[in-house]
Amino acid sequence: MTISFPNIPSKLRVPLFYADMDNSMANSATATQLTLIIGQQLSTALQTPGVPFLASSASTVGGLCGYGSMVHQMMTAYMANDTAAKIYILPLADDSAAIAATGKITITSVATAAGTLSLYVAGTRVQIAIATTDTLTTIATALAAAINATTSLPVTAAASAAVITVTAKNKGAHGNDIDMRLNYLGTAGEESSPTSFACTITAMSGGSATPALDDALANLGDKLFDFIVNPYTDTTSLTSMATFLSDKTGRWSYSEQLYGHSLGVLSGSYGELTAAGLLRNNQHETLIGIYDSPTAPWVWSAACYGAAAVSLRSDPGRPLQTLTVSGVLAPPLASRFTMTERNNLLYSGIATVAVADDGTVTLENIITTYQTNSYGDADDSYLEIETMFLLMYITRYLRSAVTSKFGRMKLVATGTKFAAGAAIVTPNTIRAEVIAQYTTLVKNGYCQDATSFASALIVEQNSSNPNRVDVLFPGTLVNQLRIFALLNQFRQQASS
């Protein structure tokens, strides 16, 4: 028998004991799945824009990138749902041509009875006490001070007489989605304006431009990022991300094999979301649709992906439906999408969330925007996000097994006789190993139907390149239980 030793030479005369270590049969490790949060930092930030860095807390991101910056808010929301992740931040500077969104709060009437004013800015409550002696200017000054004192807010405020001008801390079109409203919880939540108090809120507007992503994404190099939180849902940004994750030239290509999936949140009416979803067709992106939530869309994106990532890391095949999302405020009851609307959105490339009676937000069906094949025909092969993460897991699992066991093997034709223990494999040897690994995948709940797989598996030596083995891997992924349909064929009288 000839045993191939990696290091011990065959010509040794010095006694006695020598040992080589061979880990080719011991590898059971899986890749660490990292999170990447992309977002803008403040102009006063200490961090170099476009350069990723590892962060372990929201306060760290706030200190480096600025409290109330887009990326600080996203980190806070993500960690409210996923505290075990290894998170990298990709901070961006405001675009040089960007304009900051602004809005106004105009105090129009003083209070005739003392009370508490509850203002929500981007989903965060700011409260001040109002006395009957307070003038319009006094109230405006106090409210502006309270806004500025809440450093986690994405805005600053300045009062002039009875008018408060609110300005987004980060410049850009995203600032137009910063919501301002009074008394979100209503009287049931003990929130109501003091008697006779009144104000007019002018929505945030005027923000324009979005930072370019291409250079910052290029700075990521070959580092693996499976969960990519993307706050930008404009066409240019989504196209940049699609190129970054492309099957042909990007992270999903045969030459890179880095993978990853982008998730963002679109805010709009049912009609606006439907139209936006139908314009997209990419299995490597997810767009969740919301409407009339006090919480900013970029905060929603981080919170939703944080909730999903916990499950996807643990088991990529398990459906994400019903997972609770923390750190966001649900739309008011009248603004929530109906079941029919949500079902139609799911046929338009838009993922959905659900809201319980108590306002708890849960993931419903997190689909990709992939809807048609290259001929424009309906195609649901890449519909579910779980499919994409199963493909990542299985491919990495097989690559780990192959590189560990066959990394330095000689290849001979099937049927060749050679000594046991030699560093030699045949296509049949590889075939047996692939079947064994697939059986493990079935046992662990990632694939199914091992018998059919073994029958359809093809492993052959390439006819043009004798140093290459070609494999047709006919795996069948596990499915997710999404629909339970019951026909309740009841009776009102017992049968004899």
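## Overall picture

Of the 496 residues of the protein chain, 45% count as buried, where buried means under 20% relative accessible area, exposed means over 50% and partly exposed lies in between, computed with a 1.4 Å probe on protein chains only. This is a predicted model, in which local features need pLDDT of at least 70 and side-chain atom pairs count only at pLDDT 80 or more, while totals for chains, interfaces and linings use all residues. Residues are numbered from 1 along each chain as its sequence is written, and side-chain values use heavy atoms, with hydrogens and water left out.

The C-alpha trace spans about 100 × 80 × 45 Å along its principal axes. The secondary structure comes to 11 helices and 22 strands; these are DSSP runs (H or I of at least four residues for helices, E of at least two for strands), numbered from the N terminus. Among contacts (heavy atoms within 4.5 Å) with a separation of 6 or more, 67% come from residues 24 or more positions apart.

## Annotated regions

Over residues 207-369 the chain is 31% helix and 17% strand, with its end C-alpha atoms 27 Å apart. For residues 377-490 the figures are 39% helix and 14% strand, with the end C-alpha atoms 41 Å apart.

Now to an open sheet of 3 strands, which has the order 6-5-9 and antiparallel pairing; two strands pair if DSSP finds at least two bridges between them. Its edge strands are strand 6 (124-130) and strand 9 (180-182), each pairing on one side only. Neighbouring strands are turned by 25° against each other on average, direction ignored. Helix 3 (residues 136-149) packs on this sheet, touching strand 5 and strand 6, and its direction makes about 145° with that of strand 6. For such angles, axes are lines fitted to C-alpha atoms, for helices over the stretch in contact, and values run from 0 to 180 degrees between N-to-C directions.

Strand 5 (residues 115-121) pairs with strand 9 over 3 bridges, and with strand 6 over 7 bridges. Leu119 stands opposite Leu182 in strand 9, while Gly115 faces Ile130 in strand 6. Strands 5 and 6 form a hairpin with 2 residues between them, and Ala122 in the turn has a positive phi of about 55°.

## Met180 in strand 9

Met180 is found in strand 9 and is buried, with a relative accessible area of 10%.

## Helix 10

The 17 residues of helix 10 (residues 427-443) should span 24 Å at 1.5 Å a residue, and the end C-alpha atoms are 24 Å apart, which agrees. The expected span is 1.5 Å times one less than the number of residues.

The buried residues of helix 10 are Pro427, Ile430, Glu433, Val434, Gln437, Tyr438 and Leu441. Seen down the helix axis, they fall within an arc of 135°, so they line one face of helix 10; the arc is that of the directions from the axis to the C-beta atoms. An α-helix has 3.6 residues a turn, so residues three or four places apart point the same way. Gly445 follows helix 10 and has a positive phi, near 85°.
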